[in-house]
Amino acid sequence: MSGKKVSVWTSITFWRRSAAWVTGTATVLLMWLTFNTMGQIAMGSDEDLQNGVTKRIPAPTVINYKIDYKMDEKRGHEVPVIGEKQPFFGKEWSAEEAAELLRHGKLTQQAKNCMNCHTLLGNGAYYAPDLTKAWLDPKWNDGTMTGITGKDTVEEAMAEFLMHPSQYPTHERMMPDLGITREEAVALVAFLKHMSAIDTNGFPRNFSQSAKRLEGGTHAR
Amino acid sequence: MLASIKSNEFKYESQKLAMNYFRVAIVLFGAQLLMGLIAAIQFLYPSFLFEVFDFNVARMVHINALVVWMLYAMIGSVYMLLPDETGIEAVGIKLGKLAFWVLTAAVAVVVLVYIFVQVGPGNEATIWLINEGREYIEAPRWADIGIVVVVLVFYYNVFATYTKGNRTGIMTVLVADLFALAGLYLCGMFFTDNISMDQYWWWWVIHLWVEATWEVFVGSLAAYGLIKILGAKREIVEMWLWIEVLMLFGSGILGLGHHYFWIGTPEYWWEIGALFSALEPVPLVAMFVHVLYDWGKEQGHAEAGQQGHAVNNTPAMAWIAINAFGNFLGAGIWGFFHTLPQVNIYTHGTQFTAAHGHLAFFGAYATILIGMMYLGVQGAYGIKKMTMTFKTKMAIGLIVFGVLGMTVSLTVAGYEQVLVERADLGGGWDAYFIAQELPWYLQAQGWRLTMGLVTFTGFLFLVADLLTIGKTEAAKEEEVQAAAA
Ligand code: HEM
Ligand code: HEM
Ligand SMILES: [Fe+2]
């Protein structure tokens with residue numbers, strides 16, 4: 001091969017250089033996109049919420065508001081809609097309190113290894129329901145779980161369930177008792193409520209729309 | 001393989017160290033399968049070990065053992081090929097041996113804590129000492145730091161040996177690739193209360209490992225294997241390797257976007273993720289063609305008595321060929337199935353994902369790493385031409401059949417989930433459980449467990465084979481020589 005002029009298609013140097021250039025270009029592009037994405041997924045502020053500025057990831061104080069998940073005609077899929085104020089565990093949380101609560105909730109989510117049974121934003125394990133929009137699930141909002149746990153509000157029902165999950169089975173496959181304390185449970189509910197307000201580009205699609213028609217039925221054998 | 005503590009014909013310490021890495025890897029592989037079986041039983045009988053050894057614990061150990069055994073086998077493979085490629089002993093071999101024992105002690109502690117402590121209170125201490133609660137990289141922070149230190153020692157060894165010895169193309173690719181592979185681990189080592197930010201960086205570790213740096217690593221191993229087993233021509237193999245690097249990184253780096261469709265990240269990832277990840281199967285086809293082409297060509301040359309030699313290690317060659325096809329099938333085909341956002345919105349987070357995860361990890365990585373272990377055994381016994389035994393064939397047959405069976409079962413389960421839970425009922429708690437309790441789903445889970453048991457039986461043959469094939473084959477070769485003399 002040496003000496004004689006060979007076709008570039010069989011030249012190692014050519015392929016090595018091309019590999020380096022392509023890899024470099026892809027890496028630079030990824031970094032550039034990452035900078036843009038970082039800006040777009042940074043948490044919003046309490047002021048944003050007060051002024052009705054929509055952020056993909058809202059401030060922790062979003063727990064003080066009613067959250068909905070509705071079809072957006074322009075975007076062609078469901079998006080979270082932040083509504084009027086709504087007490088959370090009977091009070092309005094200050095920006096500092098809400099931030100502290102969310103942090104505690106996220107830490108607990110990791111410490112209890114939720115992700116190795118559930119999915120969050122669709123990632124994790126497939127042994128239990130997706131938690132992305134759990135806060136908005138009809139199961140909690142149609143009286144089923146508040147009834148079973150004997151609580152008046154969704155947040156109280158969720159906290160009670162998280163503390164003693166195997167006392168409130170809905171199916172043969174149950175959630176185990178993970179030794180979650182009251183404080184941890186409150187924080188976890190805040191984490192879940194916050195997650196339900198994240199703009200996930202319409203995932204899950206058509207969320208629980210048809211499942212609602214099954215309300216009150218005994219489809220789970 | 002254990003017996004090769006005694007029979008050790010290696011010229012280089014580096015290769016003896018490699019065998020230690022392989023030994024731990026195979027033990028962790030066994031642990032992985034047992035944990036998978038526990039989790040699979042729990043799908044069918046939820047009360048099995050309930051509140052004693054829950055699904056999340058079994059699954060955590062299952063996938064963590066998977067990642068760790070593969071990293072062990074990868075480090076082992078590098079120590080195995082390092083002296084062959086560079087022509088010299090690993091530079092810092094003493095340090096390398098120390099690092100092996102430190103890492104193994106750390107892994108043992110981490111696993112014991114996973115099994116006996118399981119979960120902790122919701123504070124920083126749990127994340128530092130018990131587990132980090134993030135899929136695949138659950139290892140607590142103290143272990144993360146330990147891993148980084150050990151990996152630095154390993155990398156120093158590779159880099160210093162490379163600069164001192166022969167700088168082959170394979171080594172150049174490996175040195176660059178391992179740098180990126182190790183660096184990416186750092187992206188998974190911080191806490192944030194923003195779940196979208198968390199998953200954004202978490203995928204840098206997971207995706208940029210398995211769909212970029214690990215793939216290139218496998219390309220390098222296959223290149224080394226073809227030269228070693230078939231006597232393939234280095235110029236041609238290395239040229240292919242650079243083309244593979246080009247295509248793998250060219251598609252895999254931006255293909256990362258296929259995980260950014262629904263986690264809070266902007267819509268432009270739909271187009272970027274779809275376009276680049278749809279290209280990811282292309283290099284996998286190329287790698288498949290390359291391995292089979294070289295195999296046929298070299299075999300032909302050897303049979304015609306022209307040059308090179310026929311396969312001198314049939315078990316290793318078989319596993320490399322299965323790798324070439326398995327990578328294409330598990331990562332390429334099963335990955336492409338769900339990589340477009342239009343499809344992924346329904347399949348995201350269903351058993352379909354698990355089907356792909358199993359076939360891809362097995363096809364792309366488990367296979368070739370097992371092949372490297374056979375190369376190790378051949379070297380340890382100084383065997384010139386190693387051939388398959390009955391056990392080799394049983395191991396291959398049962399493991400491949402078992403994993404394919406599990407994959408097909410999970411694909412059926414995923415299909416049912418997509419149609420019933422997602423498309424018809426639109427997700428949510430009720431939709432989820434209705435889909436979980438339909439007969440199609442339960443039957444599929446039953447078949448997965450059955451096929452898991454088949455896989456495990458194959459694994460037992462594999463271990464038995466690795467422990468005995470060296471001695472058997474060496475004795476056979478001696479007999480032939482004695483007869484000739
Ligand atoms: C050897 C290479 C590969 C391995 C080991 C692998 C492994 C995996 C695993 C384990 C997951 C699940 C992650 C989780 O637990 O959340 C996953 C997800 C995914 N993989 Fe791969 N993969 C590989 C290559 C590919 C390729 C080449 C493609 C596309 C052509 C692909 C497309 C996807 C997609 C779209 C998902 C997301 C699934 C979801 O939305 O739930 N993968 N992969
Ligand atoms: C005895 C055989 C096996 C059994 C019974 C088994 C069982 C399981 C189970 C029950 C899960 C949890 C899935 C879920 O969350 O719903 C799982 C996850 C996983 N297993 Fe296995 N497994 C086996 C072998 C393997 C092998 C050989 C590999 C790869 C080499 C592997 C790789 C994985 C991966 C990557 C995941 C995570 C998948 C995801 O999140 O999408 N498993 N396995
Ligand atoms: Fe990926």
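**Close-up 1. The shell around ligand 1 holds 10 nonpolar, 13 polar and 4 charged residues.** Ala, Val, Leu, Ile, Met, Phe, Trp, Tyr, Cys and Pro count as nonpolar, Asp, Glu, Lys and Arg as charged, and the others, Gly among them, as polar. The model is predicted: local features need pLDDT of at least 70, side-chain atom pairs pLDDT 80 or more, while totals for chains, interfaces and linings use all residues. Residues are numbered from 1 along each chain as its sequence is written, chains are lettered from A and ligands numbered from 1 in the order in which they are written, and side-chain values use heavy atoms, without hydrogens and water. Of the 27 residues around ligand 1, the nearest are Glu135(B), Tyr136(B), His348(B), Thr353(B) and His356(B). A residue is near a molecule if one of its heavy atoms lies within 4 Å of it. Chains A and B both supply surrounding residues, so the site is shared between chains.

**Close-up 2. Polar side-chain atoms approach ligand 1.** Tyr136(B) places one 2.8 Å from an oxygen atom of the ligand. Thr353(B) also has one 2.8 Å from an oxygen atom of ligand 1. Helix 7 (195–230), helix 11 (314–337) and helix 13 of chain B each give two or more residues to the shell. Helix 13 of chain B provides the largest share, 7 residues. Helices are DSSP runs (H or I, at least four residues), numbered from the N terminus.

**Close-up 3. Two histidines of chain B coordinate the iron atom of ligand 2.** His62(B) and His358(B) each use NE2, at 2.0 Å. Donors are N, O and S atoms within 2.8 Å of the metal (3.2 Å for Na, K and Ca); water is not among the atoms, so sites may look incomplete. The 6 donor atoms subtend angles of 86 to 179 degrees, so the arrangement is octahedral (six donors, opposite ones over 155 degrees apart and all others between 65 and 115). His62(B) lies in helix 2 (residues 55–86) and His358(B) in helix 13 (residues 351–381) of chain B, so the pair ties together parts 296 residues apart in sequence. His62(B) is buried at 14% relative accessibility; His358(B) is partly exposed at 25%. Buried means under 20% relative accessible area, exposed over 50%, partly exposed in between (1.4 Å probe, protein chains only).

**Close-up 4. Thr389(B) sits in the loop between helix 13 and helix 14 (390–424) of chain B.** Thr389(B) is buried, at 16% relative accessibility. Its side chain reaches the backbone nitrogen of Lys391(B) at 3.2 Å. A polar contact is a pair of N or O atoms within 3.5 Å; within protein, one must be able to donate a hydrogen and the other to accept it, and residues adjacent in sequence count only if both atoms are side-chain atoms. Not counting residues up to four places away in sequence, Thr389(B) touches Asp465(B), Ile469(B) and Glu473(B) (heavy atoms within 4.5 Å).

Note on methods. Four donors count as tetrahedral if all angles lie between 85 and 135 degrees; four count as square planar and six as octahedral if opposite donors are over 155 degrees apart and all others between 65 and 115; anything else is irregular.
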